[in-house]
Each structure stands twice: as C-alpha cells, then as structure tokens.
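Subject: Structure handover

Hello,

Here is the structure I said I would pass on.

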Amino acid sequence: MTKPPRKPSKPLLGEADALRSRPRRRRDPAQPNLPLDPMPARIAPCLAMLKPRPPKGPQWAFEVKWDGYRLAIHVEPSGLKIITRGGHDWTDRFPAIAAAAAELGVATAILDGEAVVLDEHGRSDFGMLQQSLGGRGGRKRSSNAIFLAFDLLYFDGHDLRTTELSMRRHLLEDLVPAGGQGDIRLSEEIEADGDQLLASACEHDLEGIIAKRRDAPYRSGRLGDWVKIKCVQSDSFVIIGYERSTAARAGIGRLLLAARKGKKLVYVGGVGTGFNERNAYELRAKLDSLVTSAPAAAVDRKGAVFVRPELVAEIEYRAWTEDGKLRHASYKGLREGQDNAIALRI
C-alpha cells in the first residue's frame, strides 16, 4: 500500500472548510451533534513478536528498536497523563516529556511510544534511563529521558485503533514532525530492505529493529502485526541469589538467575558482567534486604547467597547452552513492576 500524502492531514478528520458542504437550512439547536468517540482511560499496548529474521514484502514498515520504558501519553483538556505499560501513572517522573506533550497543540490524543535516554552516539541505553529515575524503586524525576513516539491511537475525539498503521502514522507525523530534537520526537520509519537494516543496526550496536504491517489496525497484545528482530537476545529473569567476590564491585561476583517453567522457577545460569559502580552498590543493598535460607529454584552453587525472588533483571545474552543455561550474558538493569516486569517463560 502506498503511503498517503503528508499534506493535508487535518481534512481527513473533517476539519477543513474546503471539504464541508453548505447546509441547505439552519441546524435545529435541539438536534444533537454527532457524537465523538469516548477517550479510553487506558489501552493495553500492541506488543512485538520475536522473530529470527526480518519479514519480506512492501506491506512491512521498519523502525529502530528502542530500549526503554513503554509509555502512553494521554492528552485531554483537563490535563495529561503518562501511563506505563502496566497501567501506572508516571506523569510526575517525566516532567520534561509532560511539558512537551502540553505544547503539542491538540485537544485530545493518545500517543504510543518509548521513553529512552540516548548515549553520546544516539543509542538508547536502558541502564542510563534507570539511573536517571533513581534506579529500580527510585522516585527521581528524569531530566534526561525523551519520548520517541511511534503510533497515534486517539486524536481530536477520534479513536484511531481500527484504522491502518499507514494512516495513523500519517497523522502522527503531522503532530510530531520528523527530525525534531525536543523532548518528544518521532521514531522514524526507515526505507530499507529488512536484512540490510538489521545488519546496519547490529553494526552500530543497536538492540535491533521493529517491523510493522502498514495495513494493520492497532490490536493490543502480541498478535504478529508487529515483529521484533534483535541483534542480541534480551529477556527478563528473576534474581534468586548471588555469589560473593572480593574483587568485583559491591562484592557481587555473579547473579544467579531463573526463568519460569509452569508454576516453578528454573535456574538458567548467572551473569557477572554489565555492572557499573553505582548500580552494583544499589543492587547489593536490595539483595541483602531479601536474603533467605531457602533457594527459590534448584541450584547447586556452593557459598551462594540466596534471596527471595522479588527482583527481575533485564539480561542480554547470545544463546542458550544445551543444558538450558545462558551464554555470554550481560546485566542491563532491574525492571520495574510498573513496567509490567515478568520473567521469561521457557
């Protein structure tokens, strides 16, 4: 499907005088106006399905995969809210994004996107984002995070979820123009072959790419309309303990990790890299408050310190070993409950 022209966009919503016919007689004041779509209090996000290779065909649009917190910005005449993937109100934690949303010049809207902190090379860094918020469970306000908008779900009284992605993007690009450098920016579509784009993303140390069907409506859940292809794998795992070290930062030599299998936790190995001085000491303090004598999963690690399975860590890894352990794992940070942190199921 060809992309609609960028201009004009407002007439698509019936707001241009040029598209309005002249009334034959004066409207009866007692006649009600056409009702607008009610604005949803929350929309569960559309989630990307993990695939090993990019899909083929002109029906697929590509974007960079950003590594941050999935958020929805709700703009209403009475105010605005920034809502996490798990449905929590984090408006006060992103004041710069909230201020930028108030300046969008629209009465009502719901923008879907990702809050990220970019490093000096323009790559999203989940660890930097967490630090800007004061770490897991912290209550700091992030002055560094920006919002990368990639979908528009509601606009000026109209629920757009049943319209195809190409039209939603057309309207979004009017609201958040490409090339902006403010606290709300457009996550731009990239015209490229999927395989070539993935190779380029991996070469530049990005997390991966996202492919989205141009003709698809917005459907909550992981239904295949959106696909993610990663340069390295990244998933969430429960921390069930750690091994001490006299040389490592904060004395954490290795975290012990578990995934969910049915109703149980299963030990999947450990991770001993990816810590910096600040997050190592914060993590050690959290772990020491959860120490227990009973391991949450069957694991034979002599001298390990076991903790209650309450912390969920985001872990990058290259592959799985034949006996079900992570290979070349690296710690990225702790996931928030408000971000709908759920450990991987195997």
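Is tyrosine 69 buried or exposed? Tyrosine 69 has a relative accessible area of 1%, and anything under 20% counts as buried, so this residue is buried. Bear in mind that the model is predicted.

The ring of tyrosine 69 has a partner. Together with phenylalanine 126 it makes an edge-to-face aromatic pair, with 5.7 Å from centre to centre and 85 degrees between the planes. Tyrosine 69 belongs to strand β3 (residues 69-76), while phenylalanine 126 belongs to helix α2 (residues 126-132), so the pair ties together parts that lie 57 residues apart in sequence. Phenylalanine 126 is also buried, and its relative accessible area is 1%.

Elsewhere, lysine 212 sits over the face of tryptophan 226, at 3.9 Å from the ring centre. In the whole structure, the search finds 9 aromatic pairs.

Now the protein as a whole. Its secondary structure consists of 5 helices and 18 strands. There are 346 residues, and 48% of them count as buried. The accessible surface is about 17700 Å², with 49% of it belonging to carbon and sulfur atoms. Among contacts with a separation of 6 or more, 69% are between residues 24 or more positions apart.

Regards

Technical notes. Residues are numbered from 1 along each chain as its sequence is written. This is a predicted model: local features need pLDDT of at least 70, side-chain atom pairs count only at pLDDT 80 or more; totals for chains, interfaces and linings use all residues. Side-chain values use heavy atoms; hydrogens and water are left out. Helices (H or I, at least four residues) and strands (E, at least two) are DSSP runs, numbered from the N terminus. Buried means under 20% relative accessible area, exposed over 50%, partly exposed in between (1.4 Å probe, protein chains only). Contact means heavy atoms within 4.5 Å. Accessible areas come from the Shrake-Rupley method with a 1.4 Å probe; for residues, only the protein chains shown count as cover. Rings of Phe, Tyr and Trp (its six-membered ring) pair if their centres lie within 6.5 Å; planes under 30 degrees apart count as stacked, over 60 as edge-to-face and the rest as tilted. A charge sits over a ring if NZ of Lys or CZ of Arg is within 6 Å of the ring centre and within 35 degrees of the ring normal.
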